[in-house]
Amino acid sequence: KKDRPYQHKATITLYGNRSTIPLPVYGTKNIAVRGGSVQLFGQPKTPTWTRLAATAMPGDTTIKLRETVNWAVGDEIVIAPGSYDYMESEVREISAVNGDVISFAEPLLWEHFGGVEDHYGTVVDMSVEVGVLTRSIRIQGDVDSWREKFGAHMIFHSPTLPLKASLEYVEYRRVGQAKIIGRYPIHFHLEGNRVNDVYVRGCSVHHSFNRAIVLHATSFVTVENNVGYDTLGHMYFVEDGAEKYNTFKGNLGISPKPTGGQLSHDVFPSVFWLANPLNNFIDNAAAGSSHMGFWISPPEHPRRRSFTLLECPYQVPLGTMTGNTAHSNGRHGFWVHPDHYAREVECGHPDEHRNPFVVSKVSNLRTWKNGEQGMGLVKVGPYVVENVIAIDCNDAGLEVGDVTGQQGLTVKDSVFIAHSKTNRPNEWTLFRPVTGYRGLITPKSEGFRGINLTFIGYKSGLTDVNGRSANHAGVYTCCRCWNDCSSEMGVFSYRFKQTRWFDCGNRVMFGWPHNDLIIDEDGTFTGAFPTPASITSGTAIGEPNSTILPGLLHVTMPGCVVGDSPNMATYQGTTYGAWTGRRNIPSMVCPPKYAFHRVVLFLPIPENYVYYNFDISSANGLHSQFYDESKDRGQTSGWALPVVTTETDMIPFR
């Protein structure tokens, strides 16, 4: 019983190989459940995972944990990686336990960070996780399972029958059957709505040849305080898009690895993979994935066996998404891809006024030392991203690709830090040497707003392990306008207020000279927070509602301050960044008396006009030249450029 767990040890070993004759639907080498009740209650491990309280160094044979544990001598533990190298997780067998101190015989090979850092008043916890893998009840494949990657599996398939499934503190090892869809360690298959009937709590799944815990067309399941380690493909897997109202809380996942012969995206595995956004993910930890920590990937309609035109997963909002951490993943910590446009009515009318977009929310995410982005939103409807801390991310803390919907996307109360105090130059390498680390990459669309954002350490002059110089920037504009959209994209407006800067030599970098417009609502983007510094007479620095944009000559008006002028160069020690391409156009700040808008020249006739350069001349007698971007950017279909409202401009092609 739950309140009287099994007091002894039990091991269930399942035998078989790829030649064993399978049962229809259920397969072989398995525990198959069709209706009824399955209740397994092992002895509790408290907690199932925790974090380091002090940094463990190579050669150490003891670690100090954040809390006292009831783990035992002989238990196996896994320690998550603490660097950019997702391969640095380590498994050890406990030789002694003394409260919150764990000892083992085999010395550690890698450094594992345990502690917090203070960055100008922001306390950042980057302590790595330690999970216990051993349980008193064990379900496993035979010792030869590894030869064919053909382990044990447990499948629940009772679509028309009552089911009660309670799995607590059970260990699954040498499980899963590689390259066979549906043969997962713990698999709820087409179970429908199971309100209060099904949960998996405190279990461990490790050394799996095919995922860890899978929900397929199953809803209202609780998956809580489990530990996953060393799996092939996505680890915690919400499969087709028909799954809703499940809750994943307090789970740890370490080291999923790519696999072929299954779903195409399993070559880019994640710790948590979610096909329907309307599920809850609370206080989970994703570490050491070869690719993604959290991946939200809703299809237009549920896939395969769950297909129906009556459901549209990409149009439902996120459930509760809060308190999660993602670090040391090969690519992205938290990723929404490809599309997520939540609407008031799922599969409803396409018109926004008749079927409005609704807001999805991500809060309290902490992400660090990921190979590319800490968080990436590729194509989304309205979102609110709040209380995020992103640090040591090798490309960007947050990248936003494209935003749709009148409510736009708001990022607020968040902190972006280029380097932790432990991130020494010989430990990091630049993902993009030209641009360096970016705190925030704005979308190639309107509707972005940043409120109460803090940027720390984004500057030039740093050198990575390969000797390459970094040009970090707090804000980088127009996501992916350089490689996957036509050159008419650009000159979008982004609004900021209550912006803090610490040790930032480059506040903004414009990716190429035609974009973008940043509106400084309260003067803190160019000045200081909480109140702008005194405004120099005749300049726009620190003035509310000023505009930051590339310093193109045709929009350089009286009172605008160009980035390489003495005022800009000396003001808080920053030049506000500059475009780093072949034309070296600096940025510029213009006072609020000037309004700017976007002009798009799109699909010209004849078509070969897109390969022409052209000049634009303003009434002030200055002109800017716009080059044929196809030389650098590939096929193009037009241009976008800023102009000053009320000014007259002429555009001759040549």
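## Disulfides

A disulfide (two cysteine sulfur atoms within 2.5 Å) joins Cys 560 to Cys 590, with an S to S distance of 2.1 Å. This is a predicted model, in which local features need pLDDT of at least 70 and side-chain atom pairs count only at pLDDT 80 or more, while totals for chains, interfaces and linings use all residues. Residues are numbered from 1 along each chain as its sequence is written, and side-chain values use heavy atoms, leaving out hydrogens and water.

Strands here are DSSP runs of E with at least two residues, numbered from the N terminus. Both cysteines, Cys 560 and Cys 590, are buried (under 20% relative accessible area, with exposed over 50% and partly exposed in between, using a 1.4 Å probe and protein chains only).

## The other disulfide

How many disulfides does a search of the whole structure find? There are 2. Cys 312 and Cys 347 form a disulfide with sulfur atoms 2.0 Å apart, and their link is right-handed, with 120° about the S-S bond. Cys 312 lies in the loop between β28 and β29 (321-322) and Cys 347 in the loop between β31 (332-340) and β32 (360-363), so the bond ties together parts that are 35 residues apart in sequence. Cys 312 is buried at 5% relative accessibility, whereas Cys 347 is partly exposed at 28%.

## Aromatic pairs

Rings of Phe, Tyr and Trp (its six-membered ring) pair if their centres lie within 6.5 Å; planes under 30 degrees apart are stacked, over 60 edge-to-face and the rest tilted. The count comes to 19 aromatic pairs. Tyr 120 and Phe 502 are stacked because their ring centres are 4.5 Å apart and their planes are at 15°. These two residues are 382 residues apart, with Tyr 120 in the loop between β9 (116-119) and β10 (122-125) and Phe 502 in strand β45 (residues 500-502). Tyr 120 is exposed at 52%, and Phe 502 is partly exposed at 26%.

Phe 272 and Phe 294 are also stacked, since their centres are 4.8 Å apart and their planes at 10°. Phe 272 is in strand β25 (residues 270-274) and Phe 294 in strand β28 (residues 292-296), 22 residues apart. Phe 272 is buried at 2%, and Phe 294 is buried at 3%.

Note on methods
Helix = DSSP H or I, 4+ residues; strand = E, 2+ residues; numbered from the N terminus.
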